[in-house]
Structures are given as C-alpha cells and as structure tokens.
Amino acid sequence: MPEVRGLVEYFYAMLRCALSDQSGEGKMAKVIRREVRKRGFFGWVFLLLFLGFNALMALLFFGGMSGVADMPAANSEAEMAGRAIGATMAGGMILVVWALGAVITGLLAILTRGSKTIVEETQA
C-alpha cells in the first residue's frame, strides 16, 4: 500500500499546485481555431433543395401512412391482407426514393459548401 499512498499524495500535491494560482498571472492566452465556410449561390440552392426534398418526402411518407390508417375497416381477410401488403410496398418505395434522393441532394449540398477559412480567436 505504500505505492498507492505515495501516488495519492503526488496527485493531491499536483492538484493543490494547479489550483493555487488563481490570479491568472503567468497563464498564456488560449487560441481557438474555428473552421468557417461561406456558401455561394449554388451552395444555398442545393442546401435548400436538400431540406425541401426531405420535408416533402417526410410529408408524403407520413401522409400516406396516415391515409392507410384512416381507411374504413376491411370487409374480408383478403382485403385486409391486400391493404397491409400494399401499404408496406408503398411505404418501402417511398423510403427507397427518400434515401436515394437524400444521398444525392446531400452530396450536392456538401460539395457546394464553399471554401474553408480558419478563424483564430484568443481567449484570456
């Protein structure tokens, strides 16, 4: 146990040393670097296209699924099965189109972000 006691005392001394200088004297200023990108005209067009496409697809998907849920009760088991299969196929197709469109428009939005600029700020 002497090794553990020595280790605890060492870390306690380091902590006291670090907390003892609270006046701020002798401390260096902290430099913060941020990446800033400025979008051009086409960058904004593709970003708005990406956001609009996703909003439209969400509206179509949830609207279609709520439309199926609001249908009157089925008269037979065949009608119930057909409705379930049709709703699943339609929902799956909308999700596939949504995923493909989101990838394509997302790539266009990312590729037209603009050039990267590094901004440095000093913080006391």
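1. Let's begin with burial. In this predicted model, buried residues account for 10% of the chain's 124 residues. The chain's accessible surface is about 10100 Å², and carbon and sulfur atoms supply 70% of that.

2. Now the layout. You'll find three helices and two strands in the chain, and following the sequence gives the pattern α-β-α-α-β. The elements that come up below are strand β1 (residues 30-37) and strand β2 (residues 116-123), along with helix α2 (residues 41-69) and helix α3 (residues 77-111).

3. A word on contacts across the sequence. Take the contacts in the chain between residues at least 6 apart in sequence: 86% of them join residues at least 24 apart.

4. On to charged pairs. As a general point, side chains of opposite charge can pair when their charged atoms come close. Here the count is four salt bridges, and three of them get a closer look in the next points.

5. Which side chain does Arg33 meet in a salt bridge? Glu120 is the partner, at 3.0 Å from N to O. Arg33 sits in strand β1 and Glu120 in strand β2, so have a look at how far the link reaches: the two are 87 residues apart, and the pair connects distant parts of the chain. Arg33 counts as exposed because its relative accessibility is 58%, over the 50% cut-off. Glu120, at 52% relative accessibility, counts as exposed too.

6. Arg34 and Glu121 also pair up, in a salt bridge whose closest N and O atoms are 3.2 Å apart. Arg34 belongs to strand β1 and Glu121 to strand β2, so this pair ties together parts that are 87 residues apart in sequence.

7. The salt bridge between Glu79 and Arg83 has its closest N and O atoms 3.6 Å apart. Both residues are in helix α3, and because they are four residues apart there, about one helical turn separates them. Glu79 is partly exposed, with 34% relative accessible area. Arg83 comes in at 22% relative accessibility; buried would need under 20%, so Arg83 counts as partly exposed.

8. Next, the rings. There are three aromatic pairs by count. Phe41 and Phe42 make one of them, an edge-to-face pair with 5.3 Å between centres and 75° between planes. Are these two residues buried or exposed? Phe41 and Phe42 are both exposed.

9. Phe61 is in helix α2 and Trp98 in helix α3, 37 residues apart, and the pair links distant parts of the chain. Both Phe61 and Trp98 are buried.

10. Which residues do ring pairs link into a cluster? Phe61, Phe62 and Trp98 are the members.

Notes. Residues are numbered from 1 along each chain as its sequence is written. This is a predicted model: local features need pLDDT of at least 70, side-chain atom pairs count only at pLDDT 80 or more; totals for chains, interfaces and linings use all residues. Side-chain values use heavy atoms; hydrogens and water are left out. Rings of Phe, Tyr and Trp (its six-membered ring) pair if their centres lie within 6.5 Å; planes under 30 degrees apart count as stacked, over 60 as edge-to-face and the rest as tilted. Buried means under 20% relative accessible area, exposed over 50%, partly exposed in between (1.4 Å probe, protein chains only). Contact means heavy atoms within 4.5 Å. Accessible areas come from the Shrake-Rupley method with a 1.4 Å probe; for residues, only the protein chains shown count as cover.
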